[in-house]
Amino acid sequence: MSDSETDVTTSIKKFVKSNYGFSTDSSTEFIYAENSKALFNKLVLCCIKEGGTLCFPAGSNGNYVSSARFLKADIVTVPTDVSVGFKFTEKTLNGVLGTVKNPWVYISGPTVNPTGLVYSNNEIGEILSICARFGARVIIDTSSSGLEFDCEGWGGWDLAGCLSTLNSSSKPSFCVSLLGGLSLKMLNGVLRFGFLILNQSALVDTLYSYPGLSKPHSTVRYAVKKLLELREQKPSILSDAIVEHTRILRSRFKSLKEALEKSGWDVLKSCAGVSVVAKPSAYLNKTVKLKISPEGEGSQGNAIMEITLDDSNIRNAILKATGLCINSGSWTGIPGYCRFNIALEENDFKRALDCILKFKEAALH
């Protein structure tokens, strides 16, 4: 294959412009890897080298937070509140950025992982305004975005419009890096592909000083380019599939919400992506006796486990009692709230609903 057949940059430019209103020019650097997490790790190393402080909202992708801790980055958790869906707000960011050195702000958006809410254009504009005032480096992670199933009136993002009013008045260190992948938007979990878009030369030089980034194979780049071209054709098989998938996610959220609420959980409204968070209100601080399924070959009978449930150990209790695996509050970063994944095979999703009912019957009988 020729270089032109595997060059995805033009397609990525169109993709981020049409989806997020993010403008690029001749000085913009496009960096590709096998997944967005590898690129995020390089940004964390850049943050560390600059003596920066990585600011996560209370309610983030637990895998990314764990990676940053593993790399020994200085981390600050910005308080969030259930009344705004555990999103960043102008007020909370303003109260934290003035107290940290060289802030780097991580934003999952437009779709927030793990809550499944979305930032409006006004919300992201206010957040970027605060970041510009303090000269923060901003990482916008779009890898959980692309499947908005209940966002009527949302209107999308216009990052170029937001940034055009800020760049002239912001501190020199302020910049916005766009991180993402295509697995959700392209309904693809097979092609290993992530992208990072940088607009500041100093940051580009720092990132390239760290070796070891595994690049996507030429056949993967070719496939990604073809998928992005197909996406622009409407109607197409891909666009029809995306519409159908969002319909399924809408139905899944409704079914999961109903099952959880009947079982004593408080569910946070979700309108996009594949994550749902809920608080096990009926179970917290309750001492229960659970029958635990035997582990390993040759095991017989059921053991009895007595446990006082909280938002951290309820994950393990549900897993041992029913086989259902969820993320606890220690993963979500939201005290008291657990995360459920609705991107499952149909039979697995039905079994998950049965497990929720089974745990209720065992713990609240």
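I sort the angle between two axes as follows: under 35 degrees is roughly parallel, over 145 roughly antiparallel, 65 to 115 roughly perpendicular, and the rest oblique. The axes are lines fitted to C-alpha atoms, for helices over the stretch in contact, with angles from 0 to 180 degrees between N-to-C directions. Helices are DSSP runs of H or I with at least four residues, numbered from the N terminus.

The model is predicted, with pLDDT of at least 70 needed for local features and 80 or more for side-chain atom pairs, while totals for chains, interfaces and linings use all residues. Residues are numbered from 1 along each chain as its sequence is written, and side-chain values use heavy atoms, without hydrogens and water.

I looked up H11 (residues 314-322) against H13 (residues 346-363) and found an angle of about 100 degrees, with the axes 10 Å apart; the two are therefore roughly perpendicular. In contact (heavy atoms within 4.5 Å), Ile-314, Ala-317, Ile-318, Ala-321 and Thr-322 of H11 meet Cys-355, Lys-358 and Phe-359 of H13.

I then turned to H10 (residues 237-262), whose axis comes within 9 Å of that of H13 and crosses at roughly 15 degrees, so that H10 and H13 are roughly parallel. Residues of H10 that meet H13 include Arg-252 and Leu-256, and among their partners in H13 are Phe-349 and Ile-356.

Last, I checked cavities, sets of points on a 1 Å grid where a 1.4 Å probe fits but cannot get out, lined by residues with an atom within 4 Å of a point. The second largest cavity is lined by Trp-265, Ile-318, Leu-324, Phe-340, Cys-355, Ile-356 and Phe-359, and H13 gives the largest share, three residues.

Definitions and conventions: On a 1 Å grid over the protein atoms alone, a cavity is a set of points where a 1.4 Å probe fits but cannot get out, and a pocket is an open set with protein on both sides within 12 Å along at least five of seven lines; lining residues have an atom within 4 Å of a point.
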